[in-house]
Amino acid sequence: MLHAPSRETRGGDESPSSSVFDLPVQSSSGPTTRPALQRLRTTTDTDRNNCFQSESPSQLVVISGGSGGNSICNAFDNVCFVLPVSDDGGSSSEIIRVLGGPSIGDIRSRLVRLIPPAPPSSILSAIREILSYRLPANVSEREARDQWRDIVEGHSPLWAGIPSDRKETIRGFLVHFEGEVLKRAHKNFSFLNGSIGNYFLSGAQMFFRSLPSAIFLFSSITNSQANILPVIVTNHTVTIAAELENGSRLVGQCEISHPVNPSPEGNPHEQCDSSLLSPLDGMASPVSHRSNVMYTQDDKERGYEPLKSRICRLYYINAYGHEVHPIPNPEYIKSLSTAEALVYSCGSFWTSIVPCLALRGVASAIARSRFLRAKIFLLNGRNDRETDGYTAVDFVRAVASVLNSPYQQPFHGLGNAQTIYPISAFITHLLYLEDTSIAVDEEKLTALGVQCVRIKGVMVETAQEMRYGDDVVREAICQILA
């Protein structure tokens, strides 16, 4: 039987993620002390590249999503990553369909990416391999289940090189995940394309009834110093919806960003018949979730079908399709009040960045922070389905529009005024690639109070396009904070 680990320290230092995992030990309402900020006076390349390694490195909050944010996450040190929990694609879609709960795919991906580098034959390398492993997608369901069985029973070659203490910790939560799946056998969970890291993180989240606790466990096992915050702390499924200018509505991240067909495995008539075996009566069935939606980066590279109309609003809905106004993670709001810089990372704008903004209290936390010296927007190198036809001005106006929208039920009577902040209260700098295909009108942006910084990209041979690189992003941010 699993037992929740006691709070420990590594090397005498408290884990940076423990602020998410532990209850506060003192009131934060009193005066707080803050280390003096190191002001960079020189502008040499060496100093710029070392600004995050100084004795008092600048603290950053980075809002990002999946693959776009992962590509440059190593550009930052002393950083708090804020990620959405509303992705309903990949193996997360199958976990959500059968077990429910928040989406953990983007968080798992970031946790794996931030595992410290290690030699190929090391323990850490072996742990990285199993937590980043995916079950095959182009095999039969039985073959995928057999491979999963080898892993969960501890017989798979993937366990080679992992000490028994860590092996049994990881395996214990995989066993817990397996048990929860078996309780819902009537839903026919599919292991095709399943992420072992997702299964581990999901098993830990269900055991602790806390996603931040599961993140802390993952970071501890992998010796990671990652400070990752889910934008919403919940044990329920989180769903987003987009309202288009033509009045139509799209539900779920996949439908908004990259609609794909679900896995062809299985007979639809058999699936309908299996629902008759469910112990539930179906009288209160929520909005259904698609099964095992497989979407790869290669699919993204092949292009997209533009939306019929632009997105004008993104909001959260509950299981019955009604709009709700969830409360953001308190640690997220707290980090905005102490950080020196906020970075809106590159990636899918409406489904990765906006879900972290369309929440009550976020706008005022960004606009009124006394310590945020820079609020930096990283412009994508090209548009996608969500932002087809956008210019740089459209992006910054969209950020201001989202943050200036009310995210709570309106009050009745007096005191129902809504503060409207200027664009410069949310974005002070815009970084863009010199080879971007998105139009950048520096004169207009400057008039809106946004400084433009053009940087060189790094050629990605597989995609044959220029993208942001860790070093150039780090140097640009250090120069802005200098």
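**Figure 1. The whole chain at a glance.** Count up the secondary structure of this chain and you get 19 helices and 13 strands. The model is a predicted one. Of the 482 residues in the chain, 50% are buried.

Figure 2. Mean pLDDT for the chain comes out at 83, with 77% of the residues at 70 or more. Over residues 4-48, though, the pLDDT is below 50, and this stretch has 52 contacts in the model beyond near neighbours in sequence. Residues 263-285 also stay under 50, and here the model has 16 contacts beyond four places in sequence.

**Figure 3. Inside the largest nonpolar core.** This core has 129 residues. The ones with the most contacts inside it are Phe76, Leu174, Tyr199, Tyr332, Tyr344, Leu357 and Phe426. Zoom in on Tyr199 and, leaving out residues up to four places away in sequence, you'll find it touching Ile95, Leu135, Trp148, Phe173, Leu174, Phe177, Phe189, Ser190, Phe191 and Gly194.

**Figure 4. Threonine 222, a buried loop residue.** Look for threonine 222 in the loop between α10 (211-221) and β3 (228-230). Its relative accessibility is 0%, so threonine 222 counts as buried. The side chain of threonine 222 reaches the backbone oxygen of phenylalanine 218 at 2.8 Å. Setting aside neighbours within four places in sequence, threonine 222 is also in contact with Ile115, Pro116, Leu124, Ile127 and Leu131.

**Figure 5. An open, antiparallel sheet.** Here 4 strands line up in the order β5-β4-β6-β7, with antiparallel pairing. The edges belong to β5 (249-251) and β7 (323-324); each has a single partner strand, so one side of each has no neighbour in the sheet. Strand β6 (residues 311-317) is joined to β7 by 2 bridges. Isoleucine 317 has glutamate 323 in β7 as its bridge partner.

**Figure 6. Strand β10 and its two parallel partners.** In β10 (residues 429-433), 5 of the 5 residues are buried. That goes for both faces: His429, Leu431 and Leu433 sit on one side, with Leu430 and Tyr432 on the other. Strand β9 (residues 374-378) runs parallel to β10 and is joined to it by 3 bridges. In this pairing, isoleucine 376 stands opposite histidine 429 in β10. β10 also pairs with strand β11 (residues 451-455), again in the parallel sense, over 5 bridges. There, leucine 430 stands opposite cysteine 452 in β11.

**Figure 7. Helix α19, checked for length.** Helix α19 (residues 470-481) has 12 residues, which at 1.5 Å a residue should span 16 Å; the C-alpha atoms at its ends are 17 Å apart, which agrees. The buried residues of α19 are Val473, Arg474, Ala476, Ile477, Cys478, Ile480 and Leu481. As background, an α-helix has 3.6 residues a turn, so residues three or four places apart point the same way.

How values were computed: Residues numbered from 1 in each chain as written. Predicted model: local features only at pLDDT ≥ 70, side-chain atom pairs only at ≥ 80, totals over all residues. Heavy atoms only, no water. Core = buried A, V, L, I, M, F, W, Y, C linked by side-chain atoms within 4.5 Å. Buried < 20%, exposed > 50% of the residue type's maximum accessible area, 1.4 Å probe, protein only. Contact = heavy atoms within 4.5 Å. Polar contact = N/O pair within 3.5 Å; in protein donor to acceptor, adjacent residues only side chain to side chain. Pairing = 2+ DSSP bridges. pLDDT = per-residue confidence, 0-100. Expected span 1.5 Å × (residues − 1).
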